[in-house]
Amino acid sequence: MGRQKKAARILDTIMTNPFFAKVSPAWQRLLAGIPSQCEVCHAWPAQRLCEDCVARFARPRLRCRSCALPVPVGVTHCPQCVRQPPPLDACIAAVDYGFPWERILSAYKFHGDPGWVRTLALLLRSTPWVEPALEAADWLLPLPLSAQRLRNRGFHQTLLLARALAPEKTDAQLLLRVRDTPAQSSLGRAQRLENLQGAFALAPQRLLEVQGKRIVLLDDVMTTGTTLHTAAQVLREAGAAHITALVVARTS
Ligand SMILES: [Zn+2]
Ligand SMILES: [Zn+2]
């Protein structure tokens with residue numbers, strides 16, 4: 001067995017040992033940060049996510065231009081968006097929410113592993129239409145977290161991602177989360193909408209900065225889209241000219 005393969009196997013054994021996982025998050029983080037082993041297929045040497053895995057799990061696919069759900073060839077908008085156009089001018093997703101992105105995004109978001117930010121930014125940048133959307137944007141606005149959630153989590157994962165994508169256009173003080181709400185994932189579709197009423201607002205002294213502007217709203221995962229739509233509505237009412245939602249993963 002080659003030295004690199006052997007090292008990868010030892011590392012794998014350590015990482016999957018439940019005792020290790022339980023008692024030593026610091027060690028786990030340290031090992032997870034060791035460069036040059038793909039976290040998905042454990043190829044070695046590799047980037048945090050190797051090229052083979054990106055090619056395999058991030059294959060671009062045709063998506064509805066308004067909601068990013070997969071559509072067949074020749075179709076630009078899904079039937080749902082034709083019937084009821086969402087308050088977005090465009091919607092772009094890099095990947096489907098599933099293996100391995102589910103695991104990666106949760107490691108990024110909940111386990112305090114912001115080391116993924118460069119990989120995720122690269123993934124977004126290589127998604128068709130993302131570069132032109134960022135290029136044309138006046139503002140890149142991360143979907144805001146409530147103050148309470150920010151305190152609990154210790155960092156704002158979407159803000160870090162926005163800064164990695166377009167630092168000069170990123171602003172986390174323009175669109176604000178003015179009300180904390182229960183996690184959307186715990187609610188049904190109708191409740192989600194109600195849950196978010198009045199959750200977002202623009203910084204009062206900066207209302208004019210949105211007028212006539214092109215805005216990219218950034219989030220990590222899009223499920224029903226209710227959260228992005230609610231935020232987009234606030235921007236629309238303030239006179240935004242064009243709103244694109246950009247997400248890493250889209251549930252289908
Ligand atoms: Zn890999
Ligand atoms: Zn659609």
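Student: Which strands does helix 7 lie across, and at about what angle does it run to strand 6?

Tutor: In this predicted model, helix 7, residues 117–125, lies across strand 1 and strand 6. Its direction is at about 120° to strand 6.

Student: Which residues of helix 7 are buried?

Tutor: Leu-120, Leu-123 and Leu-124 are the buried residues of helix 7. Viewed down the helix axis, they fall within an arc of 100°, so they line one face of helix 7.

Student: And what covers the buried residues of helix 7?

Tutor: The cover includes strand 1 and strand 6, together with helix 6 (101–109), helix 8 (130–136) and helix 10 (157–165).

Student: Turning to the sheet, in what order do the strands come, and is the pairing parallel or antiparallel?

Tutor: The sheet is open and consists of 4 strands in the order 1-6-5-2, with parallel pairing. Strand 1 (90–96) and strand 2 are the edge strands, each pairing on one side only. From one strand to the next, the twist averages 20°.

Student: What holds such strands together?

Tutor: In general, strands of a sheet pair through backbone hydrogen bonds, in either a parallel or an antiparallel arrangement.

Student: How many bridges join strand 2 and strand 5?

Tutor: Strand 2, residues 139–142, pairs with strand 5, residues 214–222, over 4 bridges in the parallel sense. Within this pair, Trp-139 stands opposite Ile-215 of strand 5, and Pro-142 is opposite Leu-218.

Student: How many bridges are there between strand 5 and strand 6?

Tutor: There are 8 bridges between strand 5 and strand 6 (residues 242–250), and this pairing is parallel as well. Here Asp-219 stands opposite Val-247 in strand 6. The chain passes from strand 5 through helix 12 to strand 6, a β-α-β crossover that is right-handed.

Student: Where does helix 12 pack?

Tutor: Helix 12 packs on the sheet, where it touches strand 5 and strand 6. Its direction makes about 165° with that of strand 5.

Student: Which residues of helix 12 are buried?

Tutor: They are Thr-226, Thr-227, Leu-228, His-229, Thr-230, Ala-231, Ala-232 and Leu-235.

Student: What span should helix 12 have, and what span does the model give?

Tutor: Helix 12 has 12 residues, 226–237, and at 1.5 Å a residue it should span 16 Å. Its end C-alpha atoms are 16 Å apart, so the model agrees with that expectation.

Student: What is the phi of Gly-239, which follows helix 12?

Tutor: The phi of Gly-239 is positive, near 95°.

Methods:
Residues numbered from 1 in each chain as written. Chains lettered and ligands numbered in written order. Predicted model: local features only at pLDDT ≥ 70, side-chain atom pairs only at ≥ 80, totals over all residues. Helix = DSSP H or I, 4+ residues; strand = E, 2+ residues; numbered from the N terminus. Expected span 1.5 Å × (residues − 1). Buried ≥ 20, exposed ≤ 12 C-beta atoms within 10 Å, placed from the backbone. Pairing = 2+ DSSP bridges. Right-handed = clockwise from strand over helix to strand, strands pointing away. Axes fitted to C-alpha atoms, helices over the stretch in contact; angles between N-to-C directions. Contact = placed C-beta atoms within 7 Å. Arc of directions from axis to C-beta.
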